[in-house]
Amino acid sequence: MFSRAGRRGRGGARLAAAALVSGLAVAGTISGATAAAADDGAGEPGGASATIGGLETYGAAVIHDGERDEQVSAGLFRMTVDGGGTLQTYCIDIHNPTQTDARYQETPWSGTSLSGNADAGRIRWILQNSYPQVNDLAALARKAGAGRLTEQDAAAGTQVAIWRYSDKAAVEAVSPAAEKLADYLQKSAGALTEPGASLTLTPGAVAGRPGERLGPVTVHTNADAVSVAPPAGAAADGVRVVDKAGKPVTTAADGSRLYFDVPEDAAADSAALTVQASTTVPVGRAFTSETRSQTQILAGSSESTVAASATVNWADRGPVPALSARKNCAKGGVDITAVNKGDKPFTFTLMGAAYTTPAGASRTVTIPLQEDQAYDFTIKGPHGFEKRLRGVLDCRTVAAAAGSADSGLTTQATIQPSPASVGGSGAATDLAATGSSNATPVIAGLAIALVVVGGAALVLVRKRKTPPSEGE
């Protein structure tokens, strides 16, 4: 979206500043099953998955940085949802480029740069009270005292107001009408709470002994109903998804509690279930990419396909861990949680330290990552189990990341011509390629291994002009 000297770059513009390699290996063998095979990002399991296209409605804005100004495009992106549907988004990551055709996943605020941002709720207010949620541009212009607003003005003004809160950027819209709108939205914004997920299952993994109903897994959704697919996996024969009374379940709703009914004679193994629905994704949901592509926030959604999955693991003796992972921006890493439903402790080592989850207990370990670190986790275990978690830790904006005393990174500057061009509505031609993730999975260990391969990270120290406070 924005590229110039002194910015925090990505892809080819990024300079390698740090790499982190850490391992997670079991101390001893696991006598039982682990989580079912999956391939997903580290976050809440489920929601909308989509591919970003480009800017579809946008105008121009100017970012002020000390004595230097830079003109950029500002407006709405369009995403195509897997399985059907479209999304409109604004970016909340002004100094990073968008990779065309990058894959995105619905993500809680805790896994993005909105984590710890006291103004995140104001961004949601802006989204709900401006374009495209408000499509009566004449009425919006009257509220803002903007005269006449075009769609391009409305999109640019809304994006500028969002950047002032998401990135603390000193930014102005080029169009006077768009700038009036941005000022009105910034000064009027009230704090709202984070919207719920379109569809997710919690927890994302359960475990236990065969012959029991294992769970529950709770459905969280804004859809009227979700379809429940039969368990999948090599050992799924005979495994059913049921309710608390043991009745087979094929549909569910928000708050439904699902269980896996595993036959008593089932050998140690694992399986998975998938739920799916058609709904509109709540405005204000964040979207992050598993590659280095700027974070987005939802401004509008058609009826779209959303899905979520959960895994089950069972064994009749020994440790029986259920493993899950999520980004934790508050701690600057990815949380790996092991819930041990077995009759023996589950022990692993992490960076030279041993961690034990007692029988019948749970434990979470945070794997620290550098800001902008590409990660690719491969968790491997017996019975053909393999789970891969990949993404990029993008938890801070430039202002928050620059000059961090404990970042451990060398301050660098990057020279890169700006890709931004100013225009009206239409497909974007100013999206900077970011390149692929530099993470490569490494499989090791006895019964389970996890290796984080660090990607390049860059923190730039810069003197920023802060945006005007409310009422100024």
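Start by selecting residues 103–107 and 286–289: strands β6 and β16 pair in the antiparallel sense over four bridges. Strands here are DSSP E runs of at least two residues, helices are H or I runs of at least four, and both are numbered from the N terminus; two strands pair if DSSP finds at least two bridges between them. Click on Q105, and its bridge partner in β16 is T288.

Before you go further, note that this is a predicted model, where local features need pLDDT of at least 70 and side-chain atom pairs count only at pLDDT 80 or more, while totals for chains, interfaces and linings use all residues. Residues are numbered from 1 along each chain as its sequence is written, and side-chain values use heavy atoms, with hydrogens and water left out.

Stay with β16. Is it covered on one face or both? Both: A286 and T288 are buried on one side, F287 and S289 on the other. Buried means under 20% relative accessible area, with a 1.4 Å probe and protein chains only.

Now for the helices. Select 120–128 (α1) and 151–166 (α3), whose axes come within 9 Å and cross at roughly 170 degrees. Axes are lines fitted to C-alpha atoms over the stretch in contact, and angles run from 0 to 180 degrees between N-to-C directions. Angles over 145 degrees count as roughly antiparallel, so α1 and α3 are roughly antiparallel to each other. Show side chains: R122, I123, I126 and L127 in α1 meet T158, A161, I162, Y165 and S166 in α3, contact being heavy atoms within 4.5 Å.

Move on to α2, residues 137–144, where L137, A139, L140, A141 and A144 are buried. Their cover includes α3 and α4 (176–188). Just after α2, G145 takes a positive phi of about 65 degrees.

For the next stop, colour the open sheet of five strands, in the order β9-β18-β15-β11-β13 with mixed pairing. Its edges are β9 (205–208) and β13 (251–252); each has a single partner strand, so one side of each is left without a neighbour in the sheet. At the β13 end, β11 (226–228) pairs with β13 in the antiparallel sense over two bridges, and V226 stands opposite A252.

Finally, zoom out: the chain has five helices and 26 strands, and buried residues make up 56% of its 472 residues.

Methods
Buried means under 20% relative accessible area, exposed over 50%, partly exposed in between (1.4 Å probe, protein chains only). Angles under 35 degrees count as roughly parallel, over 145 as roughly antiparallel, 65 to 115 as roughly perpendicular and the rest as oblique.
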